[in-house]
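Keep the sequence and the 3D view side by side as you read.

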Amino acid sequence: MEYITVREAAEKWNISERLVQKYCVQERIRGAKKLGRSWVIPVNAIKPRDARRPEDLASSHRVKRHALQSNGLMPLMNTAFEPGHCKEHIMYMADGPEKSIAAAEYYYFSGQPEKAVKSSEALLGSADRDIRLSAHLIYTYANLSVGNIFDAKRSLSELRSMLENTAEQNPEMRASLSFIMAAAAVLLHLPVPEEMPSLKEHLYFLPTGLRMFALYVSAHYSYLQKKYEKSLGIVEATLAMQHEIYPIPTIYLHLVAVMNYMSLKDKEKATEHLMAAWRIAQPDDLIEGFGEHHGLLGGMLEAVIKPEYPEDFKRIIAITYRFSAGWRKVHNPYTGHDVADNLTTTEFAIAMLAARGWTNKEISTHLEISLNTVKSHIASAFQKLGITQRSELKQFMLK
């Protein structure tokens, strides 16, 4: 990587050397590092926004504007920002519960569940209903990854109890509850509560970023019903209509597109969407979604991400193991399904493809591994699951 000096950066960005040094100390310049008493900066580094300048003040206030629009409901998810500037946007937020929730969101979506648990736990009793709902959603999912299943279930039950009294609530409150419960139920592949307000009917009351994530939830639900074309229609329409990049919902929309295209055996389209998600996620390390969706991505992480980004792939797989272990402990007892919990991620990916009707040759070509390797992984999966036929795989795969 090529570097430039503080002086060269100051001239390039038309600011003082002192301000460049300040940005370096504050870790606001991605990739900057100290050599002795001096700093060096990547030649392609982006100039940080300066909230003292009017034009940048307006940009930094975007976080507050989106957060106020949602009254604190998942403010980071509801923020449009350039990839690589996630921490910067959180830093610009006014101190308070919204900023704390945004930080908890960042910890969760960047694969730091312990920090997410700690940050969200402090806000579970917030007087602000949207802060409280957000805290419970993050707390539920983060606890799955750290193995605190009791706390995850307890928080999920608390969300359900909040839902019981929605009839007399105003439309905005019902929209918030509908959004949170749909995200909690659908993404855990649990039955949607009968008393839950229709998410579709309440989209109007959600701000842009949350509306996009709500549409991802709807697309995911359609995928689970094997309505792949309908799911893709929701994804493509949502992505086409966005005027700004809302990184978190956009990543998840692209990932559900990958799931659908792999079910339709269109690897080229699946690759396009996977890389679109990766380009948005990588600059801010927002890799949690890749780990969450691993089993549904049809081996795409092994085929596309692993060869080019082996270290990132290892971290994603670590997230997969942690999240899926907790996920099964909630999903399997609740639904009566028995999603496999003793397969390696590679065995699971291959078994998922086999359960979807892929031949050994198709799997071999897709993952760029030998036919014998595919057969070996399938044989190992059969032995671990105690089955002898491919048709029996479906009962152990994600539904």
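C86 is buried, because its relative accessible area is 0%; buried here means under 20% relative accessible area, exposed over 50%, and partly exposed in between, with a 1.4 Å probe and protein chains only. C24 counts as buried too, at 3% relative accessibility. The structure holds 0 disulfides, a disulfide being a pair of cysteine sulfur atoms within 2.5 Å.

This is a predicted model, in which local features need pLDDT of at least 70 and side-chain atom pairs count only at pLDDT 80 or more, while totals for chains, interfaces and linings use all residues. Residues are numbered from 1 along each chain as its sequence is written, and side-chain values use heavy atoms, with hydrogens and water left out.

What lies 3.0 Å from the backbone nitrogen of C86? It is a polar atom of the D284 side chain. D284 sits in the loop between helix 14 (267-281) and helix 15 (288-292); helices are DSSP runs of H or I with at least four residues, numbered from the N terminus. D284 is buried as well, with a relative accessible area of 5%. Beyond its neighbours within four places in sequence, D284 touches F81, E82, P83, G84, H85, C86 and Y106, where contact means heavy atoms within 4.5 Å.

Now for confidence. The protein averages a pLDDT of 82, and 85% of the residues score at least 70; pLDDT is the predictor's confidence in each residue, from 0 to 100. Over residues 51-70, pLDDT stays under 50. Where pLDDT is low, the predicted coordinates should not be read in detail.

Notes:
Helix = DSSP H or I, 4+ residues; strand = E, 2+ residues; numbered from the N terminus. Polar contact = N/O pair within 3.5 Å; in protein donor to acceptor, adjacent residues only side chain to side chain.
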